[in-house]
Amino acid sequence: MAFDGLVIANLVNDINKSYKDGRISKIIQPEKDEIILTLKGPSGNKRLLLSVNPSLPVAYLTEDNKKAPMQAPAFCMLLRKHLSNGKITEVSQVGGDRIIRIAVSHYNEMGDLTEGVLYAEFMGKYSNIIFCDENDIIIDAIKRISANVSSLREVLPGRKYFIPEDLKKADPFKEISFMNFKGLLMIKQNSPVAKAISASFAGISPLVSGEVCFRAGADPDVPVSALGDEAFKRVHKSFEDLIGAVSKGEFSPNIIYDGDEPVDFCAIHISMYEDKLAKEGEDISAVLKEFYFAKESYSRMRQKSSDLRKLVATVLERTVKKYDIQAKQLKDTEKRDKFRMRGELLTAYAYMIEAGADKVTVNDYNTGKDVIIPLDKDLSPMENANKAYEKYNKLKRTYEALTEQIKQTKEDWDHLLSIQQSIETASSEADLAQIREEMFEAGYVKKRKFEKGAKRMEKAKPLHYISSDGFHMYVGKNNIQNDELTFKFANGGDWWFHAKQMPGSHVVVKTEGRELTDRAYEEAGALAAYYSAGKDSPKVEIDYLERKNVKKPNGAKPGYVIYYTNYSLTAVPGLDGLTEG
């Protein structure tokens, strides 16, 4: 996650645009390591969240609020005393690093106009919020750091605020010549190029340094010492161009998704993730809010569905083993006709078989070839024939029973695969409750789990998208929703889409009397591919037809349908052109 100097630069740029010369109207400290400043400007009020949680330091503008504690902490009271209704005179970034400096003019208790400076440092476990006077003398900090804790810098009232020399790196926003650039990197000549860039320049994350190398066409993992002069010049030019664009305020905040999981974010367009989806944000604050919410939401859903995943995996493993055993037993019944033919031949040639013989050679009148038939010498020829018929009949009964059993087991297997896919699509506890209910109804679990909680929950609803041509498209998130969507919600003239021969969601496109456009067909196909087991494939074959031609056999499992006349298209999984309804 790249909460780096470029993100800080973008955020500082946004704050200055709307709130320079604005005022701080309210200050709360909802968590021990978090401050929220309500900023008042010509464009309205917004809150600046500053969180120095060591595991997740972040800052962004938001309209959301948090509940303040009944009794404000001492640091919050101090900020209220000095900064409440103060005028924001300057918001800047310190040395291109992950530090925001907010200068505020305010009146002290004597009625004199003075200045206070709030430093917000976002450096992992060293993150801190420090309040200083106009001479950078520390008044207090949200985390006091004594000499016993850090030998580099004390953060205590009365001490001078400074950045330790050991932590200082080159400022990327200051003009740097090729020779200086090369000289800085050559200090770390045995390090990979990308790592050397991020280690040499303040606020440059591994993500950004990797992007610099990608744009320059250089291998980010090659040692600095092995980088040729021409490649060095390309990397320097790439670095200059990227930093130059940021210096001009040319930002492109976006989130990078790997499927449904947000994996990274940045204040610039990241082109090196060619196999992942980059989602543009309205501004850097919107990107940060969405990323951290989506990351938290994704992790939360993975955690809440872990028991269900384990349960489905266990039942699926048991079902696959059962299928393999049945398939092997079914293969053994393939020799049943051999025993039937033995019985027929022994009956036909009984007159020529000697009593007590342990085998007989007879001519098979079906093939014209001689065959050797083993005999039980203690039985008569007709008793041996009857024994062969009994073996044939037993294998025939086994074959008929296994054929039905293996069909049922394969249906269970397919159903469980569809349930696995449903878990991937689930976005709420209500979705998971429906899946648990489905597993109980199907007999995969003997005990109805979480029934009371499921009943209290709001009923889960299908996903809703609107195509670029204005068609409403709906996606079932599990088999129960698939059935309701297809057979209760959709009309006969609506269109139905599904990934061919693989687990996936039912996608219904409401026509509302209109004829679907070519683009609508393509977007619905891409939607069906995205919500299927083939979502990570480059292309997926999609079946589509009018809903009236989709049928559900009596007694079929949830989500199972049949159809005979359909069209097909090949779609690239994705949500391009669609907006959430």
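User: Contact here means heavy atoms within 4.5 Å, so which residues is methionine 382 in contact with, leaving aside its neighbours within four places in sequence?

Analyst: This is a predicted model, and in it methionine 382 is in contact with Thr347 and Ala350 once its neighbours within four places in sequence are left aside.

User: Where does methionine 382 lie?

Analyst: Methionine 382 lies in helix H10, which covers residues 381-425.

User: And how far is methionine 382 from proline 42 in space?

Analyst: From C-alpha to C-alpha, methionine 382 and proline 42 are 106 Å apart in space, and along the sequence 340 residues separate them.

User: Why does methionine 382 count as partly exposed?

Analyst: Partly exposed covers relative accessible areas between the 20% limit for buried and the 50% limit for exposed, and methionine 382 has a relative accessible area of 37%, so it is placed in that class.

User: Let's zoom out. How many helices and strands are there in the protein chain?

Analyst: The protein chain has 14 helices and 21 strands.

User: What is the radius of gyration of the protein chain, and what does the globule rule give for 581 residues?

Analyst: The radius of gyration is 35 Å, whereas the globule rule gives 25 Å for 581 residues; the value for this chain is well over that, so the chain is more spread out than a compact globule. Taken along the principal axes, the C-alpha atoms fill a box of roughly 130 × 60 × 50 Å.

User: What share of the residues counts as buried?

Analyst: Of the 581 residues in the protein chain, 45% count as buried. As for the accessible surface, it comes to about 30,400 Å², and carbon and sulfur atoms account for 49% of that.

User: How many positive and negative side chains are there?

Analyst: There are 84 positive and 85 negative side chains in the protein chain, and the centres of these two sets lie 5 Å apart.

User: What about the inside: which residues touch the most other members of the largest nonpolar core?

Analyst: That core has 81 residues, and the members touching the most others are Phe3, Leu37, Ile100 and Ile197. Helix H1, residues 5-19, supplies the largest share of this core, with eight residues. Apart from this core lies another, of 25 residues, which includes Ala524, Leu527, Ala529 and Ile542. As general background, nonpolar side chains tend to be buried together in soluble globular proteins.

User: Back to phenylalanine 3, what does it touch?

Analyst: If residues up to four places away in sequence are not counted, phenylalanine 3 touches Ile8, Pro57, Val58, Ala59, Arg98, Phe122, Phe265, Leu288 and Tyr292.

User: New topic: what is phi of aspartate 21 near?

Analyst: Phi of aspartate 21 is near 75°, which is a positive value in a residue other than glycine. For comparison, most residues other than glycine have a negative phi. Aspartate 136 also has a positive phi, of about 60°, although it is not a glycine.

User: Where do these two lie, starting with aspartate 21?

Analyst: Aspartate 21 lies in the loop between H1 and strand E1 (23-31), while aspartate 136 lies in the loop between strand E8 (128-133) and strand E9 (138-141).

User: Is aspartate 136 buried or exposed?

Analyst: Buried means under 20% relative accessible area, and aspartate 136 is at 19%, so it counts as buried. Aspartate 21, with a relative accessible area of 49%, is partly exposed.

User: What about threonine 511, where is its place?

Analyst: Threonine 511 sits in the loop between strand E18 (507-510) and helix H14 (518-530). Threonine 511 is buried, with a relative accessible area of 9%. Not counting residues up to four places away in sequence, threonine 511 touches Phe471, Gly493, Asp494, Trp495 and Leu516.

User: Last one: which strand is the place of asparagine 45?

Analyst: Asparagine 45 is in strand E3, residues 44-51, and at 46% relative accessibility it counts as partly exposed. Leaving aside neighbours within four places in sequence, asparagine 45 is in contact with Tyr19, Leu39 and Lys40. Asparagine 45 and tryptophan 413 are 368 residues apart in sequence and 55 Å apart in space, C-alpha to C-alpha.

Technical notes:
Residues are numbered from 1 along each chain as its sequence is written. This is a predicted model: local features need pLDDT of at least 70, side-chain atom pairs count only at pLDDT 80 or more; totals for chains, interfaces and linings use all residues. Side-chain values use heavy atoms; hydrogens and water are left out. A nonpolar core is a set of buried Ala, Val, Leu, Ile, Met, Phe, Trp, Tyr and Cys residues joined through side-chain atoms within 4.5 Å. Buried means under 20% relative accessible area, exposed over 50%, partly exposed in between (1.4 Å probe, protein chains only). Helices (H or I, at least four residues) and strands (E, at least two) are DSSP runs, numbered from the N terminus. Contact means heavy atoms within 4.5 Å. The radius of gyration is taken over C-alpha atoms; the globule rule is 2.2 Å times the number of residues to the power 0.38. Accessible areas come from the Shrake-Rupley method with a 1.4 Å probe; for residues, only the protein chains shown count as cover. Lys and Arg count as positive and Asp and Glu as negative; His and the chain ends are not counted. The place of a charge is taken as NZ of Lys, CZ of Arg, CG of Asp or CD of Glu.
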